[in-house]
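Dear colleague,

I am handing over the structure below, and after it you will find my notes on what came out of the analysis. Please read them with the coordinates open beside you.

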2 protein chains.
Amino acid sequence: MGILFAGFAAAAAAQTVDPLPSWHDSAAKKAVYAFVARVTADGSPDFVPPAERIAAFDNDGTLWSEQPVYFQLAFALDRIKALAPQHPEWKEKEPFASLLKGNVKGVLAGGEPAVFEIMMAAHAGMTTEEFAAIVKDWIATARHPKTGRPYTEMVYQPMLELLAYLRVHGFKTFIVSGGGIEFIRPWAEKVYGIPPEQVVGSSIKTRYELRDGRPVLVRLPEMDFYDDNVGKPSGIHSRIGRRPVMAFGNSDGDHQMFQWAAAGGGARLIGIVHHTDAEREWAYDRASAIGRLDKALDEANARGWTVVSMKDDWKRIFPFDPPKAP
Amino acid sequence: MGILFAGFAAAAAAQTVDPLPSWHDSAAKKAVYAFVARVTADGSPDFVPPAERIAAFDNDGTLWSEQPVYFQLAFALDRIKALAPQHPEWKEKEPFASLLKGNVKGVLAGGEPAVFEIMMAAHAGMTTEEFAAIVKDWIATARHPKTGRPYTEMVYQPMLELLAYLRVHGFKTFIVSGGGIEFIRPWAEKVYGIPPEQVVGSSIKTRYELRDGRPVLVRLPEMDFYDDNVGKPSGIHSRIGRRPVMAFGNSDGDHQMFQWAAAGGGARLIGIVHHTDAEREWAYDRASAIGRLDKALDEANARGWTVVSMKDDWKRIFPFDPPKAP
């Protein structure tokens, strides 16, 4: 009880300053505050015990940007270029040949599964530790083509505030991403405060073996699980085992996660990050190849889910942005 | 920081009474205390930050008994009997025909995978919620054939104390079981204090669909993942994403988990529950069909892992046992 009490005391103290300073005082922000109050206030008919306060967040387009291409695809392209000298056969072999010529449109048409195929093929036989080291090196050195910033600075300041606010109120924050766990986990704890065991995502299979007497897990060129679309509820069920009371996403790839979370009994908050700010970020929805938001937006409008307009609801987008005048 | 401080204060207070009262003051108990002190004491060269204090526990034979048959097999047998009237074809079809005649030896030879095959076939098409309700009903009403106790009382009191002791010291306790997540999660939080998201185990595939407009996950007759033997390190990697600093098991099915945990840098505790007490529980190891402990015992002896003798190290086995005279 001492631990819980200290948590609530910290929460109470945090109320003296606005925990979501990068959000305008709009309907979306009010919906978040109202929901958290409903599920955490003692005596509330919608009270949810701390152990059941599961909040699920998509990553690409929800916690960080996904334009002009999924950042994991940028990583894959850099890896293919780095490995090409060891694979002369790639000059003739698709999709490697197209990629090495700079043609990413074809790969993009295949979405994230196509990215996985490429990465699996290129890194089969490597250990999970070797791959994690490559991810850490890339994320520390690669720069976004438009802003010149490290990719880990292309995260949404209002969402960082939301994650922290939820945790102060006893929520366990999870990433539920179509992206790969091996790509997200090496930096998610530092950037989002989300530990590896709370990252659910797509994954490849691994094989345990002893190399020089030392146990390693070797990457196999075989998908284990695609955590997107209808896969997200299955991923939540098998990896978390509890239905989220809050789910945030930005695309039709999150639609089934929204439905699954919304169908639980009791209070629920379903949030959509709507990319409406062509000036500060990007503006896209129904017609976009990346992060298409169409059917989920219709259902959100019909059911009164919380649609967050980046342009109208957020004072700043990235941590490096100056605050916008209110 | 308030939350952490309260946690440490609680830990300090707990020191005034022995947190492991069901353990004799033997080498095993001293090894546990010494390890926890090494990894949690400020300034210790082996200090492990709370976020990295992952402790992994096998379930069958480590947290609860597994004789005369895995409890999940007892559940499967009861389910087959209950469903038999709806499946007249089972009278002719193996393994159902043998099971219905009371012959479990043949199924046992196939180990836990055989149990899964039976359960998958018998429950395909059911929703995950329906299955969870069946598990909850069974675990509340079924009785162990030898003791007549509910299966959830066939848990090891010294291990319950160990789980609680570790949590007070900032460890996150996980189950890493060859058994099924759908069988363990419905009662693990109440019995062990381990929430669903910290239960790693074998799993079946599910399919998301809308039934009468309501989202459900339907059980498919297809294995997703066998979390045993070489599967345990892969399961730990994909579901937890962090290497345990402590691993407890009781059989060769845990051998690779032991090796994987032990191979991490820094202080590690590898513990084996050795079934040595034919009077109060069961005595079995190298020659047993259930819970065979042979190669892992050799490696434990060679490397100085902590082998816990149920007979010599535990004052009581089950919560309902009277304490043994010291």
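This is a predicted model: local features need pLDDT of at least 70, side-chain atom pairs count only at pLDDT 80 or more; totals for chains, interfaces and linings use all residues.

Residues are numbered from 1 along each chain as its sequence is written, chains are lettered from A and ligands numbered from 1 in the order in which they are written, and side-chain values use heavy atoms, with hydrogens and water left out.

Cavities

A cavity here is a set of points, on a 1 Å grid over the protein atoms alone, where a 1.4 Å probe fits but cannot get out, and its lining residues have an atom within 4 Å of a point; grid points are joined across faces, edges and corners, and the volume is the space filled by probe spheres set on the points. The second largest cavity holds about 80 Å³ of space, and of the 13 residues that line it, Q72(B), F116(B), F131(B), E182(B) and R219(B) are the closest to its centre. Two or more residues of that lining come from each of helix 3 (71–83), helix 6 (111–123), helix 9 (181–192) and strand 3 of chain B, helices (H or I, at least four residues) and strands (E, at least two) being DSSP runs numbered from the N terminus.

By class, seven residues in the lining of the largest cavity are nonpolar, four are polar and two are charged.

The sheet of chain A

Chain A contains an open sheet of seven strands in the order 4-3-2-1-5-6-7, with mixed pairing; two strands pair if DSSP finds at least two bridges between them. Strand 4 (214–225) and strand 7 (306–309) of chain A stand at the edges with a single partner strand each, so one side of each has no neighbour in the sheet. The twist from one strand to the next averages 30°, where axes are lines fitted to C-alpha atoms, for helices over the stretch in contact, and angles run from 0 to 180 degrees between N-to-C directions.

Strand 2 (residues 172–180) and strand 3 (residues 199–211) of chain A run parallel and are joined by three bridges, with V200(A) in strand 3 as the bridge partner of V176(A). Helix 8 (residues 157–168) of chain A packs on the sheet, touching strand 1 (54–57), strand 2, strand 5 (246–249) and strand 6 (269–274) of chain A, and its direction makes about 165° with that of strand 1; contact means heavy atoms within 4.5 Å.

Strand 5 and strand 6 of chain A also run parallel, joined by four bridges, and G249(A) stands opposite I272(A) in strand 6. Six of the six residues of strand 6 of chain A are buried, so this strand is largely enclosed by the rest of the structure; buried means under 20% relative accessible area, exposed over 50% and partly exposed in between (1.4 Å probe, protein chains only). L269(A), G271(A) and V273(A) point one way from strand 6, whereas I270(A), I272(A) and H274(A) point the other way.

The sheet of chain B

In chain B, an open sheet of seven strands has the order 4-3-2-1-5-6-7, with mixed pairing. Helix 10 (residues 231–240) of chain A lies across strand 3 (199–211) and strand 4 of chain B, running at about 150° to strand 3 of chain B.

Backbone details

The peptide bond from E94(A) to P95(A) is cis, with omega near 0°, and P95(A) lies in the loop between helix 3 (71–83) and helix 4 (96–100) of chain A. D212(A), in the loop between strand 3 and strand 4 of chain A, has a positive phi near 55° although it is a residue other than glycine, and D212(A) is exposed, with a relative accessible area of 84%.

With best regards

Note on methods
Ala, Val, Leu, Ile, Met, Phe, Trp, Tyr, Cys and Pro count as nonpolar, Asp, Glu, Lys and Arg as charged, and the others, Gly among them, as polar. On a 1 Å grid over the protein atoms alone, a cavity is a set of points where a 1.4 Å probe fits but cannot get out, and a pocket is an open set with protein on both sides within 12 Å along at least five of seven lines; lining residues have an atom within 4 Å of a point.
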